[in-house]
Amino acid sequence: MTTTVTRPDVRAVPPVRPNQGKERWIRRAPLLPALIFAIVITQIPFLYTLYLSTLHWNALKPGKHEFIGLDNYVTVLTDARLRAALVNTVVLTAGAVIFSMILGLLLALLLDRSFFGRSVVRTLLITPFLVMPIAAALLWKHAIFNPAYGLLNGIFGGSTDWISSYPKGAVITTLVWQWTPFMMLILLAGLQSQSNEVIEAARVDGASAWQIFRRMTLPHLRQYLELGGLLGSIYLVNTFDAIFSITQGGPGTATTNLPYEIYLTTFRKFEYGEASAAGVIVVILTIIVATFALRVISSLFKMEENR
């Protein structure tokens, strides 16, 4: 009787070359200038901003730089004007992101269908995103919202001053017009990644268009919606062009968000330390949102790898 002995599966481990670490640094060496440049233009100014945020520094009193620790942060978080700016930032960002995502989804569903001239329509719908923010703001301020010769009053009649009557609506409308194409492109990519075979099988089984959208398309687009919302929030939370050009933060402080309030604190009050503290808080909030965005992007890549 012959006994067969099975040997365990031992995989060969590649030998470690003595110069392997050196080779890695040689491969990474071409990237070092770009890394150093990025550190110089981003991290050094941020570290200097952190230093400024600990000082009581008013430009009207040169030579008086008093170290006050975290007092500027306490001022930023307790000042009524800055709290109002924080609320306006949330309202303007959330309003622009939500409405642009809804319109972007509708346009993506339209462009996902085949029809004559689809490429031309797609190009025209992308165009607003290519317009410079300051140019888009001036376009809406003078060509559309102007009470004397604006397009809205030309259509509906009257002489309504839309910017003074609805300042938040005017800013949000301008941002939605410009950012809807961005949302549309992300959601259109999600729609085109959906399996056509599964949808056809659902139609054969008798599912209606609404049932397919609610039970199949919308769950499939969940991560794309999250990605569009998070990326849009990162950009829109720093909105300055539209507010500066259309409303100047008014009437009163109705549309003053944190970036515009930082501008006023720096160039109107000349409080450099307080403005630096507010800027650091905005950066921290942006990093928090960006962290969620990176997690969503990572999950999208993992989902594509598992297919």
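Helices α11 and α12 pack at about 45°, and their axes are 4 Å apart. That angle makes α11 oblique to α12. On the α11 side, the contact is made by L218, P219 and H220, and on the α12 side by R222, Q223, Y224 and L225. Sorted by class, the residues of this contact are four nonpolar, two polar and one charged. Keep in mind as you explore that this is a predicted model.

## Helix α9 and its partners

Two packed helices are described by the angle between their axes and the distance between the axes. Which residues of α5 meet α9? They are R122, L125, I126, P128 and F129. Their partners in α9 include W177, W179, F182 and L188. By class, the contact of α5 with α9 has eleven nonpolar, two polar and one charged residues.

Now look at α4 and α9. Their axes come within 6 Å and cross at roughly 45°, so α4 and α9 are oblique to each other. How is the crossing of α4 and α9 handed, left or right? It is right-handed. The residues of the contact of α4 with α9 divide into 22 nonpolar, five polar and one charged.

## The largest pocket

Rolling a probe the size of a water molecule over the atoms shows where empty space is left. In this model, the largest pocket holds about 480 Å³ of space. There are 15 residues lining the largest pocket, and D112, R113, I199, R203 and T217 are the closest to its centre. Helices α9, α10 (196-204) and α11 (209-220) are the elements that each give two or more residues to this lining.

Which helix provides the largest share of the lining of the largest pocket? That is α11, with five residues. By class, the lining of the largest pocket has seven nonpolar, four polar and four charged residues.

## The second largest pocket

Next comes the second largest pocket, with about 290 Å³ of space. It is lined by 17 residues, and the closest to its centre are V90, T93, S233, V237 and V289. Four helices each supply at least two residues of this lining: α4 (80-111), α12 (222-236), α14 (258-267) and α15 (272-305).

Helix α4 gives the most to the lining of the second largest pocket, with seven residues. How many charged residues are in this lining? There are none: the lining divides into twelve nonpolar and five polar residues.

## A loop worth a visit

Most residues other than glycine have a negative phi, and most peptide bonds are trans. With that in mind, visit the loop between α13 (241-247) and α14, where you will find P251. What kind of peptide bond joins G250 and P251? The bond is cis, with an omega of about -5°.

The loop between α13 and α14 also contains Q248. This residue is not a glycine, yet Q248 has a positive phi of about 55°.

Methods: Residues are numbered from 1 along each chain as its sequence is written. This is a predicted model: local features need pLDDT of at least 70, side-chain atom pairs count only at pLDDT 80 or more; totals for chains, interfaces and linings use all residues. Side-chain values use heavy atoms; hydrogens and water are left out. Contact means heavy atoms within 4.5 Å. Ala, Val, Leu, Ile, Met, Phe, Trp, Tyr, Cys and Pro count as nonpolar, Asp, Glu, Lys and Arg as charged, and the others, Gly among them, as polar. On a 1 Å grid over the protein atoms alone, a cavity is a set of points where a 1.4 Å probe fits but cannot get out, and a pocket is an open set with protein on both sides within 12 Å along at least five of seven lines; lining residues have an atom within 4 Å of a point. Grid points are joined across faces, edges and corners, and a volume is the space filled by probe spheres set on the points. Axes are lines fitted to C-alpha atoms, for helices over the stretch in contact, and angles run from 0 to 180 degrees between N-to-C directions. Angles under 35 degrees count as roughly parallel, over 145 as roughly antiparallel, 65 to 115 as roughly perpendicular and the rest as oblique. A crossing is left-handed if the near helix is turned anticlockwise from the far one by less than a right angle, and right-handed if clockwise.
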